[in-house]
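Subject: The two-chain model, handed over

Hello,

Here is the structure I promised to pass on to you. Please have a look at it first, and then read my notes on it below.

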Amino acid sequence: MGAYLVRRILAFIPTLLISVTLIFVLTRLVPGNPVWALIGHQSVSEEKIAEVSRELGLDKPVIVQYLAWLPKALSGDFGNSIFFNRPVVQVITERFPVTLTLAGLAMLLTLAIAIPLGILAATRQNTFLDHAASVFSTLGVSLPTFWLGFLLIILFAVTLRWVPSSGYRPLSMGFDQWFPRLILPVIALAFSQIALLVRTTRSSMLEVLELEYVTAARAKGLSEGKVIFKHALRNAFISIMTVIGLTFALSLGGSVIIENVFAIPGLGQLITTAATRRDYPVIEGGMVYLTVISLVVNLLVDISYSLINPRVVYE
Amino acid sequence: MSDAQIPRPSRNGRVLNPALRRVLRSRLFIVGAVMLFLIVLSAAAAPLLTPFDPVAIDTKNSLQPMSLRHPFGTDELGRDVFARVLYGARISLRVGGFSTFFTAILGVLIGLFAGWYRPVDMIVSRIVDALMIFPGLILGIMLMAALGPAESNVILAMTILYTPRIVRVVRGSVLELKGLAYMDASRVVGAGDLRLLFDHILPNAYAPLIVQVTFGFAWAILTESGMSFLGLGTPPPAPSWGNIIADGRDFIRSAPWLMFFPGVMISLAVIGLNFIGDGLRDLLDPRLRNTARRVGNQAG
C-alpha cells in the first residue's frame with residue numbers, strides 16, 4: 001500500500017504536465033491572430049502586427065513558446081491579460097474567491113440535504129419517501145442547470161420578489177447584500193449534486209445494511225440509531241467520500257453555466273468571455289487554476305479510496 | 001445476468017439475448033423508451049405537426065404569447081417557437097446521437113487495447129486522467145473556442161469529452177476479465193490476442209458498456225444544450241434546444257414561455273434516456289443485482 005501511495009503521487013506529476021500541456025496546445029489551436037483581438041481588426045499595418053507579435057513572443061516557433069511558457073505557468077505566471085492589460089494572476093485571484101464561495105456553499109447545501117435524505121431513503125426502503133427521493137434524484141441529473149436557474153429566477157425573483165434576480169455583491173458590503181444574491185445560484189448549482197449524492201448514499205447504505213456485521217450488531221441488541229450511524233454509515237462513507245470529491249470538481253465546472261445565468265463575476269464567467277475574446281493568457285491561467293484544484297481533489301479521493309478499500313487490487 | 005457472465009463459446013448475440021428479453025420486461029426501461037420514441041417521432045414528423053418554418057422571420061408577429069396558432073408563442077424575430085422546438089429536436093438528437101456513436105466506437109477500441117497491453121495503458125491512462133480532470137464544460141468551451149462554432153465541431157468536442165469515460169469502463173472490464181481462467185483456456189486452444197479481445201472479452205463487457213453509452217447520450221444532449229446556451233455550441237439561426245433558451249433569456253420577464261418549452265423537451269429527453277440507462281443497469285449489471293457474485297469475480 002505504501003508503494004502504491006508513492007506511485008500514485010508520482011503519477012500525479014505526469015498527469016499534471018500532460019493536462020497543462022493540453023491546455024497550451026488547445027489554446028494555441030484557436031484560429032485567428034490574437035493580435036487582432038488585442039488591437040482591433042481594421043486599419044492595422046503589417047509592421048504593427050509584427051511588432052506586437054514580437055512583444056508577446058508569438059513570432060517564435062510554438063515549441064519555443066511552449067518551453068518558455070511551461071516553467072512560468074507551473075509557477076503561476078501567465079503574463080498579462082491581452083484584454084485587461086494586467087497580470088493574469090491578478091485578474092484570476094480577484095474572481096477565484098467568488099467561484100470558490102459559490103462552489104463551497106453549494107457543497108455545504110449538498111451535504112446537509114443529500115446525506116440525511118439518502119440515509120432516510122435507505123432505511124425506509126420502498127416507502128413514499130424513498131420513491132420521492134428517487135424521483136428527485138432522476139430529475140436532478142436530468143434538468144439542464146441553466147434552465148433550472150431561469151425557472152428559479154422567474155419564480156422567486158420575478159414573480160414572488162423574494163430575492164434579487166442576479167448579480168453579486170462581496171461579503172464586505174454586508175451579509176444582507178451578499179447572501180440573498182447567492183441563494184438562487186447556490187440552489188441551482190447544488191440541485192444536480194444533491195441528486196447524485198442522494199443516490200450514492202442510498203445505494204451504499206443499502207449495500208452495507210445487508211452485510212452480516214450489521215445483522216450481528218442488531219443481534220447483540222444495539223439500538224437502530226447506533227447500528228445505522230455508528231456501524232453502517234461509517235462503512236458506507238467509502239463510496240460517499242468518492243462522490244463528494246468528484247462533485248466538488250463538478251461544481252467548479254457547473255459554476256461556468258451558473259455564473260453566466262446569474263451574472264456572477266467568477267472564474268467561470270471570466271474563462272467564457274476570455275474564450276470569445278481569444279485572451280490566451282487568461283484562458284490558460286484560468287484553466288490551469290481549475291485543473292490543479294481538480295487534480296488535487298482527484299488524487300486525494302484516489303488515495304482515500306485505496307486506503308479504505310483493500311479489495312481493490314493495484315498491480 | 002449470469003448468462004452473460006458465464007463464458008460460453010457462443011457468438012455475441014446468443015450471450016445477450018436472454019438479457020435483452022429481461023430488459024423488455026423492465027417498467028423503467030419501457031417508460032424511458034416510450035418517452036424517447038415520442039420525441040424522436042415528433043422530430044421526424046415536424047413538417048406534419050407544424051406549418052411554420054423554424055427559421056422564417058416574421059417581425060410583425062414578434063414575442064406573441066401562446067395561442068392556437070403558435071402553441072409555444074413566437075420569439076423576438078417572430079419565429080414560431082413550437083416549430084423551432086420540433087426542428088431543434090432534430091439537431092439536438094443528431095448531435096447527441098453522432099457524438100455518442102463515435103464515443104462508443106473510439107472508447108471500445110482504445111479501452112480494449114489499453115486494458116490488454118500494458119505499454120498502451122501507460123499512455124492512454126495518463127491522457128484519460130488528464131482529460132477527465134478538466135471540470136465539466138470547461139474543456140468543451142476551450143475546444144469550441146479553438147474549433148469555431150459548427151455542428152460538426154460540437155460533435156467532435158463532445159466525442160473528445162466523453163470518450164475517456166467509455167475507455168475507463170471498457171478498460172476496467174478487460175482488467176477484470178483477463179485474469180479469469182477461461183482466458184488461459186482459450187489461449188491454450190490457440191486463440192490470438194485479437195480473438196480473445198473481440199470474441200471473449202468484449203461480449204462480456206457489453207453490460208456496463210451499454211449502460212454507460214446510454215447515460216452518455218443523455219449527457220451529450222445536456223452538454224450540447226449547455227454549450228449552445230453559452231453561445232459556443234450549435235450556431236444560430238439553426239435551432240437547437242440550448243440556443244432557443246439562449247434566445248429567450250433576455251425575455252424571461254416579458255415572455256417566459258420562450259425558454260420554458262425547449263427546457264421541458266431537454267428534460268424529457270434526458271429523463272427518458274436516464275430511465276433507459278437505469279432500467280438496463282438494474283437488469284444487466286451484476287453489481288446491483290448480486291454483490292456477492294461481483295466480489296467472487298474479482299477474487300477469481
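**What I found**

Helix H12 of chain B is largely enclosed by the rest of the structure, because 25 of its 28 residues are buried. This helix covers residues 257-284 and reaches 40 Å from its first C-alpha to its last, close to the 40 Å expected at 1.5 Å a residue. Please keep in mind throughout that this is a predicted model.

The secondary structure of chain B comes to 14 helices and zero strands. Of its 300 residues, 50% count as buried. Among the contacts in chain B with a separation of 6 or more, 70% are between residues 24 or more positions apart.

On confidence, chain B averages a pLDDT of 80, and 87% of the residues score at least 70.

Two stretches of chain B call for care. Over residues 1-13 of chain B, pLDDT stays under 50, and the model has 22 contacts beyond four places in sequence for them. Over residues 288-300 of chain B, pLDDT also stays under 50, with eleven such contacts in the model. Where pLDDT is low, the predicted coordinates should not be read in detail. For the complex, the predictor gives an ipTM of 0.81 and a pTM of 0.82.

**Where the chains meet**

The contact between the chains takes 41 residues from chain A and 35 residues from chain B. On the side of chain A that touches chain B, the elements giving two or more residues are helices H1 (2-28), H6 (128-142), H7 (145-159), H10 (224-261), H11 (267-277) and H12 (280-308) of chain A. H10(A) gives the most to that side, with eight residues. By type, the residues on the chain A side divide into 27 nonpolar, twelve polar and two charged.

In soluble globular proteins, nonpolar side chains tend to be buried together. The largest nonpolar core here has 165 residues, and those with the most contacts inside it are A:Leu102, A:Ile271, B:Val85, B:Ile138, B:Ile141 and B:Met142. Helix H10 of chain B (residues 193-229) gives the most to this core, with 17 residues. From chain A, the core draws at least three residues from each of domain 1 (2-74) and domain 2 (95-308).

What does B:Val85 touch, leaving aside residues up to four places away in sequence? Its partners are B:Phe72, B:Ile244, B:Phe261, B:Pro262 and B:Met265.

**The two domains of chain A**

Chain A is divided into domain 1 (2-74) and domain 2 (95-308). Their C-alpha centres lie 33 Å apart. Across the boundary, 16 residues of domain 1 of chain A are in contact with 13 residues of domain 2 of chain A. On the domain 1 side, H1 and helix H2 (34-39) of chain A are the elements that give two or more residues. H1(A) gives the most to this side, with eleven residues. The residues on the domain 1 side divide into eleven nonpolar, four polar and one charged.

**Backbone details to check**

Most residues other than glycine have a negative phi, and most peptide bonds are trans.

- The peptide bond from B:Pro236 to B:Pro237 is cis, with omega near 10°. B:Pro237 has its place in the loop between H10 and helix H11 (241-248) of chain B.
- A:Asn85 is not a glycine, yet has a positive phi of about 55°. This residue lies in the loop between helix H4 (62-74) and helix H5 (88-123) of chain A. A:Asn85 is exposed, with 8 other C-beta atoms within 10 Å.
- A:Ala263 also has a positive phi, of about 50°, although it is not a glycine. A:Ala263 lies in the loop between H10 and H11 of chain A. With 13 other C-beta atoms within 10 Å, A:Ala263 is partly exposed.

Key. Residues numbered from 1 in each chain as written. Chains lettered and ligands numbered in written order. Contact = placed C-beta atoms within 7 Å. Helix = DSSP H or I, 4+ residues; strand = E, 2+ residues; numbered from the N terminus. Nonpolar A, V, L, I, M, F, W, Y, C, P; charged D, E, K, R; others polar. Core = buried A, V, L, I, M, F, W, Y, C linked by C-beta atoms within 7 Å. Buried ≥ 20, exposed ≤ 12 C-beta atoms within 10 Å, placed from the backbone. Domains from an automatic or database assignment. Expected span 1.5 Å × (residues − 1). pLDDT = per-residue confidence, 0-100.
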